Amino acid sequence: MILPTFVLIWAVLAWVFQSPLLPTPLNVLDTLIQEAESGALWHHLGATLGRVVVAFALAMLLGTGIGVVMGRSQITNALFDPLLILLLNLPALVTIILMYVWFGLVEVAAVMAVVINKVPNVAVTVREGARSLDYRLEEMATVYEFTRWQRFRDVWMPQLFPYLMAGTRGGLALIWKIVLVVELLGRSSGVGFQLHMAFQVFDVAAILAYSLAFIAVVQLIELAILQPLERRSNHWRQPEAAHA
């Protein structure tokens, strides 16, 4: 009900003001269809998604490793915690500019900027999960002489999975935003680049069209992938539900 109401209010305001700075929903839809038919929409969405996937995979891998090590070792945590705090408080814009200045306006610099901003968030979340691992399960694994792989798969992962999901959802939301800024500042493709080009000519319809397409993709990933995974991550905590 909220969404139709919002669209109706938008249409009324656009009709009242009759300004190119506030296009009607139909104008935005028409722009979206034109961009899709020309192939530009799919090209730029694909470029953005490619950067998100690569940066997300690298950030989750590095952040998880760092978080587990820091959570399991007090010495390592004491050594690297100040650096982690520094990176957490470093503005994303500063990181992006530095990567472009040091490495040039290349794809590697763009992805590195996103990864550097994402890794600390994952590491902090996973570190808390590693600290909260049940010592009784650790003792059981020792008694039954679990291999390292068995300990990781059967003892650590079920307990860490909710923390990994928290890092995934929070981090993915952050990565979407940073990737757009990265593209706006230094890439020649992607949704962020298209938003920048539309801004140059005050093409509000194009800005809204690409924004809506971007939001639709984000929501699709949220509903089709992240929410089912989150339900699974909490399922092991409620064994009685499996037998209900």
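1. Arginine 187 and glutamate 107 form a salt bridge, with their closest N and O atoms 3.0 Å apart. A salt bridge here is a side-chain nitrogen of Lys or Arg within 4 Å of a carboxyl oxygen of Asp or Glu. Arginine 187 lies in the loop between helix 8 and helix 9 and glutamate 107 in helix 6, so the pair ties together parts that are 80 residues apart in sequence. Helices are DSSP runs (H or I, at least four residues), numbered from the N terminus.

2. This is a predicted model, in which local features need pLDDT of at least 70 and side-chain atom pairs count only at pLDDT 80 or more, while totals for chains, interfaces and linings use all residues. Residues are numbered from 1 along each chain as its sequence is written, and side-chain values use heavy atoms, without hydrogens and water.

3. Arginine 187 is buried at 15% relative accessible area, and glutamate 107 is partly exposed at 31%. Buried means under 20%, exposed over 50%, and partly exposed in between (1.4 Å probe, protein chains only).

4. Glutamate 183 sits in helix 8 (residues 148-186) and arginine 51 in helix 3 (residues 40-72), 132 residues apart. Glutamate 183 is buried at 0%, and arginine 51 is buried at 7%.

5. Glutamine 18 has a positive phi of about 50° although it is not a glycine. Most residues other than glycine have a negative phi. Glutamine 18 is in the loop between helix 1 (2-17) and helix 2 (25-38), and is exposed at 58%.

Technical notes:
Helix = DSSP H or I, 4+ residues; strand = E, 2+ residues; numbered from the N terminus.
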